[in-house]
Amino acid sequence: MTLTYYLVLAAILFTIGAVGVLVRRNAIVVFMCVELMLNSVNLTLVTFARATGTIDGQIMAFFVMVVAAAEVVVGLAIIMSIYRTRRSASIDDANLLKY
Amino acid sequence: MTDFPFLLLMIAVPAIGAAVVAALPKGRDLLAKQVSLGISLVVLLLAVLATAAFDVGGDRFQLGMAVPWIPDFGVQFALGVDGIALVMLLLIGVLVPVVVGASWRDELPGGRSMTAYFAWLLLLEAFMVGVFAATDVFLFYVFFEAMLVPMYFIIGSFGGPRRQYAAVKFFLYSLVGGLIMLAAVIGLYVVSNSQLGEGTFAFDALRGLEIDPGVQKLLFLGFFIAFAIKAPLVPFHTWLPDSGSEAPIGGAVLLVGVLDKVGTFGFLRYCLPLFPDASRYFAPFVLVLAVAGILYAALLAMGQSDMKRLVAYTSISHFGFIALGIFAFTTEAGTGAVLYMVNHGIATGLLFLVVGMLIARGGSRQIGDYGGVAAKAPLLAGAFLLAGLASLALPGTNSFVSEFLVLIGSFPTRPVFTILATAGIILAALYILLMYQRTMHGPARGVLLADDVEPPAPAGHGATATLTAPKRSLRVLDLDRRELAIVAPLVALIIVLGVYPQPLLNLIEPAVAATMSDLGGSD
Amino acid sequence: MSETLPAEGLLGWSWLLIALPLAGAAVLLLGGRRTDRWGHLLGTATVVASFVVGLLCTFQLAGLDEKSVSVDLFTFISSGDLDIRAGLLYDPLSAAFVLLITGVGSLIHIYSIGYMAHDDGRRRFFAYLNLFVAAMLLLVLGNSFVALYVGWEGVGLASYLLIAFWYTRPAAATAAKKAFIMNRVGDVGLALAIFLMFAQLGTTDYAGVFGEIGTVAGGTVTAIGLLLLLGACGKSGQFPLQAWLPDAMEGPTPVSALIHAATMVTAGVYLIARCSPIYDETPTARTVVLAVGALTLLIGAIAGCAYDDIKKVLAYSTVSQIGYMFLAVGLGPAGYVAGLAHLYAHGFFKAGLFLGAGSVMHAMNDQVDMRRYGGLWKKMPITFATFGLGYLALIGIWPLAGAFTKDAIIEAALDRHDTFGYLLAGIAVLGAGLTAFYMTRLMLMTFFGRPRWEDGVHPHESPVVMTLPMIVLAVGSVASGFLLVSAFPLSDWMAPVFGEPEEAAHVIAPATVLLIVTVVSLLGIALAWLFVGRREIPVTAPVRVSPVTRAARNALYADTVNESLFMRPGQWLTRALVFVDNRGVDGAVNGLAATLGGSSSRLGRAQTGFVRSYALGMLGGAVLVAGALLAVTAG
């Protein structure tokens with residue numbers, strides 16, 4: 001069983017996503033990186049589900065996908081409205097919510 | 001008759017009254033006042049009837065009732081009074097109508113409606129009755145914290161210029177104490193759970209516990225700090241001068257007259273019987289705080305220029321006497337301390353009211369803004385002097401009896417502390433007479449001076465004609481009928497209880513003796 | 001002490017003595033302006049009625065075998081072991097005081113009708129006077145120390161109200177406060193004595209305390225005696241609490257006569273005489289009483305020589321004379337009766353002197369400076385005659401009252417047969433000389449010499465309602481000494497209280513004592529004439545005077561000591577504590593609140609608003625949690 005390959009792939013994807021979230025300024029890119037992280041987790045879940053022979057992990061992956069879809073809808077709507085008011089999709093420009 | 005739910009009614013009637021008054025449309029101030037007065041008089045009547053139904057020689061707690069409230073944790077809605085709580089209920093019954101009457105003419109800047117004020121007053125009355133009548137420690141705690149809410153709004157919405165500061169300070173201080181007490185209450189529950197097999201908050205059951213001395217000390221401190229803040233004892237006292245001076249007069253009377261007594265009441269009801277070993281262990285420390293408070297607050301009172309702050313400091317000094325009486329562990333001193341709680345409510349209540357009447361005339365709280373008022377307002381001056389004399393415990397006034405009992409009862413067990421406390425009566429004479437002399441005696445001066453319309457009346461024989469600056473004299477009205485009606489019952493109580501205090505002592509003494517036997521019986 | 005029986009007959013009604021004037025005070029105070037027109041008459045009537053009741057009670061008492069009856073009224077305070085019943089004790093000692101208080105009180109009430117006729121506050125004045133009489137009667141009639149204490153502070157209150165009667169004068173208001181405070185210092189002593197009695201004996205009534213005092217340890221008895229003495233010193237204006245009494249002269253003159261000469265200030269003497277069973281057990285305390293009496297006697301007499309204010313001279317004279325009484329009662333059984341006889345005689349002549357002074361002031365537009373008097377004997381013959389008799393009685397010219405009573409005290413001191421006794425007698429004789437000096441000075445400055453009146457002053461004799469009491473008191477000043485010492489000896493009347501009088505073996509014959517005192521007094525008179533009578537008196541007091549005079553004018557710096565030792569440090573302490581409380585105690589609390597608020601706003605700075613830094617934080621947190629989990633599972 002080559003569990004390791006799947007897990008390493010998931011870890012690489014997760015890392016790419018995390019780094020992307022931290023270093024990129026464009027909100028759309030950050031958003032995609034978040035999706036990347038979510039999907040890497042999904043991959044892990046499915047992997048373990050297959051390995052243990054239960055379907056719990058697969059069900060969890062579906063949950064994550066549903067939540068991710070909802071999140072994409074709300075998130076893109078927010079980004080759109082920010083872009084409309086500020087003419088910018090850089091997340092560093094939207095820093096009003098502070099102390 | 002003893003099955004009649006006096007205590008429940010004394011909580012329910014003002015609580016419902018508060019809801020009714022709060023529901024009145026804005027602007028119906030007069031109706032709100034009338035309803036409040038009526039309700040508070042009903043509570044007074046209930047308190048008197050409850051006293052009549054109370055059997056002095058009977059059980060320790062009477063007029064009781066108990067229904068399960070939160071059965072999972074053994075919490076009961078249990079009420080009942082002993083002599084100590086009963087006299088406090090009488091005090092509440094007397095003071096609230098007086099306070100309603102005293103607030104009759106209070107006005108808010110901008111013509112804001114006062115209905116909310118009276119609603120809060122009635123709600124406060126309900127909670128105060130509850131706190132004294134509760135025989136379940138958890139219920140006591142709930143009322144103890146609930147009292148804060150109406151008082152917070154009374155100070156914060158209807159007080160003086162720095163009311164927000166004072167209200168927040170009052171609330172935070174009390175809350176800190178209350179939360180520490182909550183921890184101790186829970187600790188008691190845990191101990192009862194391990195000793196009795198099932199947890200309970202019932203006072204009578206908790207009294208029978210044999211608590212480990214180390215645990216006792218911790219639990220004692222939990223209760224003690226809450227009560228010491230409430231009472232207040234030095235050094236937990238600094239909230240009182242702010243609250244007392246910023247609160248509206250009615251609120252200040254109830255704050256100092258009744259609310260703070262919960263602290264000293266708590267010492268006697270909870271600290272001593274529940275934690276006898278810890279009480280004995282900590283008694284010397286408490287006595288140091290008490291006696292230091294008597295002298296320290298008295299000296300501070302002398303240094304105040306604000307009359308309401310001065311009265312607040314005198315109260316701190318008086319609370320020292322009460323604490324001395326309680327922690328001297330003799331029946332005489334304990335009885336005196338409880339009587340002191342009642343008498344102080346009446347005497348200091350009157351002093352606050354009279355000071356408030358003077359402030360209402362002059363618009364200033366500063367002593368230096370008044371002078372020679374006695375010449376134009378003899379009734380006001382007379383009431384002021386009598387309240388002051390009661391505050392300095394002159395024989396013939398009610399406070400003398402209680403102060404004398406506290407001191408003579410404490411002397412056999414604690415001579416040194418008593419001697420120091422007795423020196424406090426000199427300071428008491430000083431701070432009262434200084435304030436009286438500066439405001440009432442001497443030549444006319446201050447904010448009440450106004451230009452004369454007619455030439456000044458010729459001075460009497462002996463009173464030389466150099467009294468007033470030319471063409472200016474005091475313009476001050478003496479007490480009107482409403483104010484006389486407020487002052488008269490308190491004056492009458494001061495004199496009557498000063499000459500014949502025995503009926504109250506008969507109520508108080510058995511309960512105090514029982515408390516002292518709790519204290520002595522468990523080691 | 002003889003057996004005390006429950007009262008029967010009229011004596012059972014002796015509470016009326018207190019109730020009558022108390023009711024008078026209540027009616028006058030509560031009645032308001034409605035009672036203005038007849039208030040003074042009611043006030044006088046209640047005291048006269050009290051006097052009549054007192055006379056009848058005393059006659060009944062004289063007819064009883066056991067001359068001590070008690071009236072039990074009601075339970076005052078009862079709790080635990082403490083059981084205080086309100087009750088009265090009518091025995092020869094209290095009877096004597098009742099008659100003095102109500103008798104002199106009646107006369108002074110009558111006098112005040114005239115003296116206060118033009119004062120707006122006359123009703124209030126009579127109300128306070130009635131209150132005083134009631135409290136004073138309670139003081140002497142109470143059958144326990146608690147009842148005495150109630151009366152004790154009650155007279156203090158009445159004294160406060162009456163000194164501050166003209167309260168718009170700052171001096172009067174301040175003097176009243178001073179009197180009350182200094183009295184309170186004494187009251188603390190009395191209160192502590194009561195606490196000590198209760199702690200030791202479990203009771204506070206006279207019968208219980210005096211019956212059991214022998215069982216108490218000597219040191220404790222001495223402590224009780226000294227504490228009682230502190231109380232007595234406060235009330236009676238004795239060293240070190242004497243400074244309030246001269247200031248108390250700010251009150252109307254009838255008040256000075258009744259309260260600050262004849263009755264209230266002698267309460268200390270009453271207390272010590274009443275507590276004779278206690279002092280019999282403690283020679284130490286008794287010695288202190290003697291020392292206080294002797295010292296005060298001299299202080300009062302010296303200060304009396306220097307003042308120009310007629311009432312202050314009389315006030316210091318009172319201080320000095322009460323010193324004599326303390327000296328007498330400090331001597332023990334030999335002196336009690338002598339002291340009380342002097343108290344009685346002093347009640348007559350000093351009240352008469354004060355009323356005379358009031359009459360003079362009345363005529364001189366309330367001028368009190370003797371330098372603005374002079375030559376008044378022609379204008380005011382009755383005042384002059386009654387004042388003169390009081391003067392002779394005070395300085396002890398035979399056969400007036402002072403001669404008998406003062407000599408009795410000196411004899412009692414000599415009968416101690418020791419050096420201390422001779423020293424005391426010497427001080428007393430010296431005091432007599434000083435008394436003669438300052439009183440003669442007062443007489444010369446007031447009634448003789450050239451008139452030094454201010455413009456527009458037209459002296460006239462006072463109305464009958466004022467002169468009549470003065471005449472009665474003058475008769476008392478003349479006769480009371482002879483009556484009380486020789487004709488109807490007070491010692492026989494007081495025998496049930498202090499025991500049968502003993503015939504002491506005199507070292508120096510009474511006649512010799514009389515001769516010595518008379519010679520010394522005449523010397524004082526002669527000196528006064530030399531200093532004052534011979535030459536013209538300047539209308540303003542000379543400024544450049546010897547240090548001795550300056551010290552005497554400042555009453556030996558009693559006020560200075562009080563101020564620099566208590567008042568100023570007290571004010572400083574108060575100010576310092578106010579600072580500590582506001583900045584220290586309250587500052588700590590507010591500082592804690594400020595620290596919490598400050599740190600929360602500083603921590604808030606971490607919320608930069610940059611999403612990516614939040615994300616980094618989250619990542620860091622997740623790594624930490626994961627690392628911790630790994631460490632736990634691995635380790």
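Me: Two strands pair if DSSP finds at least two bridges between them. In this predicted model, which residue in strand 3 of chain C stands opposite C:Ser79?

Reply: Start with the pairing. Strand 2 (residues 69–79) of chain C and strand 3 of chain C run antiparallel, joined by nine bridges. In strand 3 of chain C, the residue opposite C:Ser79 is C:Leu82.

Me: Which residue in the turn of that hairpin has a positive phi?

Reply: Strand 2 of chain C and strand 3 of chain C form the hairpin, with two residues between them. A positive phi of about 55° marks one residue in the turn. That residue is C:Gly80.

Me: Is strand 3 of chain C largely enclosed or largely open?

Reply: Count its buried residues. Strand 3 covers residues 82–90 of chain C, and seven of its nine residues are buried. The rest of the structure therefore leaves this strand largely enclosed.

Me: What share of the residues in chain C is buried?

Reply: First, the make-up: chain C has 25 helices and three strands. Its C-alpha atoms fill a box of roughly 115 × 65 × 60 Å along the principal axes. Of its 635 residues, the buried share is 56%.

Me: How far apart are the C-alpha centres of domain 1 and domain 2 of chain C?

Reply: The domain assignment gives chain C domain 1 (290–541) and domain 2 (562–634). The distance between their C-alpha centres is 73 Å.

Me: Which element of chain C has the highest mean pLDDT?

Reply: Chain C averages a pLDDT of 88, and 99% of its residues score at least 70. Among its elements, strand 1 (residues 5–6) has the lowest mean, 76. The highest mean, 94, belongs to helix 5 (residues 145–163) of chain C.

Me: Which helix of chain B gives the most to the side that touches chain C?

Reply: Two pairs of chains touch, and the most contacts are between chains B and C. This contact takes 48 residues from chain B and 46 residues from chain C. Several helices of chain B each supply at least two residues to that side, including helix 13 (276–302) and helix 15 (331–362). With ten residues, the top contributor is helix 18 of chain B.

Me: Is A:Phe48 buried, partly exposed or exposed?

Reply: A:Phe48 is found in helix 2 (residues 27–52) of chain A. A buried residue has 20 or more other C-beta atoms within 10 Å, and an exposed one has 12 or fewer. A:Phe48 has 17 within that distance, so it counts as partly exposed.

Definitions and conventions
Residues numbered from 1 in each chain as written. Chains lettered and ligands numbered in written order. Predicted model: local features only at pLDDT ≥ 70, side-chain atom pairs only at ≥ 80, totals over all residues. Contact = placed C-beta atoms within 7 Å. Helix = DSSP H or I, 4+ residues; strand = E, 2+ residues; numbered from the N terminus. pLDDT = per-residue confidence, 0-100. Domains from an automatic or database assignment.
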